[in-house]
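Thanks for making the time this morning. I would like to walk you through one model, beginning with the contact between its chains and ending with its cores.

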Number of protein chains: 2
Amino acid sequence: MELIPASHPRAKSLLIREKLVNGFDSGIVAKEGLMAHGRGEAFDYLLGEKTSNLAKKSTQAAAAMLLLAKNPVISVNGNIVALSAKEIVQLSKIIPAKVEVNIFYASESRKKNIVLMLKKNGIKTVLGLDRRKQTKIPKLDSARRIVDKNGIFSADVVLVPIEDGDRTIALKKFGKKVITFDLNPLSRTAQTAHITIVDNAVRGMAELVQACKKLSKKNESALKKIIRNYSNKKNLSENIIEIKKNLTRRAIHG
Amino acid sequence: MELIPASHPRAKSLLIREKLVNGFDSGIVAKEGLMAHGRGEAFDYLLGEKTSNLAKKSTQAAAAMLLLAKNPVISVNGNIVALSAKEIVQLSKIIPAKVEVNIFYASESRKKNIVLMLKKNGIKTVLGLDRRKQTKIPKLDSARRIVDKNGIFSADVVLVPIEDGDRTIALKKFGKKVITFDLNPLSRTAQTAHITIVDNAVRGMAELVQACKKLSKKNESALKKIIRNYSNKKNLSENIIEIKKNLTRRAIHG
């Protein structure tokens, strides 16, 4: 493969793209995952490719909810592991939370590669591979319905960093609190989740690690107050306004 | 691979995605091409996933410009061939125009697979493989600078269906009229090209074939009039307004 020309104005974005390509080459990312990343890139571009104050607000609420949870689970797929394996492991230790692999396009070997990558980054246990512990989330068609009895199935809060709308809806109907990263504030995932962090997962996961570190020193009532003062609906609306502002700005200066 | 659940609300978009995946499996589409497609999908979503009247206007102007050209060339890459091989061949016969393969991530075998796919769809000659005829477009870093002396190098009008901004700028500086498909009306490609068709290439190429068929019956002065009455700047601005309207509409009804 040719090197990315340094003069290319999207060089930074192309370099993140290479992380996904490497993830694909290591059997972690699905072909469809490469395309899903592209969709995220477009929204990131419209949001100005930076972590907004709106995203920081959602991150605070997400950290509080994860720290208050009795049985929090981080659900991971190929894309998030290709982008943020280190941060997933850090997060699972700070909260602490279980980690479960759960992918849209079923593949046992890809699941194993994902687990391997997380183990390389220092995690001991990843759920989702043991067939004896598998059960189903009701009202879900895709391969993602298969979950671990002790993981997502019995979780109270699930962090689903990069998600499809179907599963978010099914998890919510099943009584789970859902926290997600989604760069598209209009998506069903974004609109359905309890807390939607509208940010690039590469930047956002690092932010969430920091927020959990800081907030882990606060008491329960302080954490509950953060959640009480947070409105996901309002945050998403403000993100849409932000995109519209950026469109106007770019149209004028572009 | 698991079948796409029919209940999935993005099933149609997922099926087009499968075309790209098939193109990847046949060695036509690059991994980066899968991601680029995802970016297009996001903008298509924001534009309502339909061919707008704005796109139809640009298509008319593009058809007129291609029909008036003395040496028009259709520059193709993996993505456009995976999506629209049949339409590329039809278009090259109607205008008539030469077809040249020109890709961002250099790979001789991918080039050959692209040519093979076009030949399967009934084309006799595709430029871009013959090293003896290769020369360079000035002021361009990427592998795309290598072009055929009798193709893009000596063309007056170049149709570049899915493009990077660098090459559009370089081609324009080199004196070419550039027509492009770009779903992002803010991109450098969109802003630089003489005519930008803001539409999904799957839909847009079929439209362009029809427009060329119809307009091929018109005389030179009628075609010139269509171009004179077309403003790319205005069309792009209106596309940006359209996205903003769609954002508002989706935010309300979403």
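How many residue pairs are in polar contact between chain A and chain B? The count is 10, with both residues of each pair at pLDDT 80 or more, and please keep in mind throughout that this is a predicted model. On the side of chain A that touches chain B, the elements giving two or more residues are helix 1 (11-25), helix 2 (31-46) and helix 10 (232-253) of chain A, and of these it is helix 2 that gives the most, with 12 residues. Sorted by class, that side of chain A has 22 nonpolar, 8 polar and 14 charged residues.

The rule also finds 4 salt bridges across this interface, and one salt bridge in the model joins the side chains of Arg39(A) and Glu41(B), at 3.1 Å from N to O.

As for extent, chain A and chain B each bring 44 residues to the contact, and the area buried between them is about 4,000 Å², with carbon and sulfur atoms giving 67% of it. Within chain A, the residues that lose the most area to chain B are Lys31(A), Met35(A) and Leu186(A), which together account for 16% of what that side buries.

Turning to the cores, the largest nonpolar core has 102 residues, and those with the most contacts inside it are Val76(A), Leu118(A), Val76(B) and Leu118(B). Beyond its neighbours within four places in sequence, Val76(A) is in contact with residues including Val81(A), Ile88(A), Val99(A), Ile114(A) and Leu118(A).

Conventions. Residues are numbered from 1 along each chain as its sequence is written. Chains are lettered from A and ligands numbered from 1 in the order in which they are written. This is a predicted model: local features need pLDDT of at least 70, side-chain atom pairs count only at pLDDT 80 or more; totals for chains, interfaces and linings use all residues. Side-chain values use heavy atoms; hydrogens and water are left out. Contact means heavy atoms within 4.5 Å. Buried area is the accessible area (1.4 Å probe) that two parts lose on being put together, summed over both. A polar contact is a pair of N or O atoms within 3.5 Å; within protein, one must be able to donate a hydrogen and the other to accept it, and residues adjacent in sequence count only if both atoms are side-chain atoms. Helices (H or I, at least four residues) and strands (E, at least two) are DSSP runs, numbered from the N terminus. Ala, Val, Leu, Ile, Met, Phe, Trp, Tyr, Cys and Pro count as nonpolar, Asp, Glu, Lys and Arg as charged, and the others, Gly among them, as polar. A nonpolar core is a set of buried Ala, Val, Leu, Ile, Met, Phe, Trp, Tyr and Cys residues joined through side-chain atoms within 4.5 Å. Buried means under 20% relative accessible area, exposed over 50%, partly exposed in between (1.4 Å probe, protein chains only).
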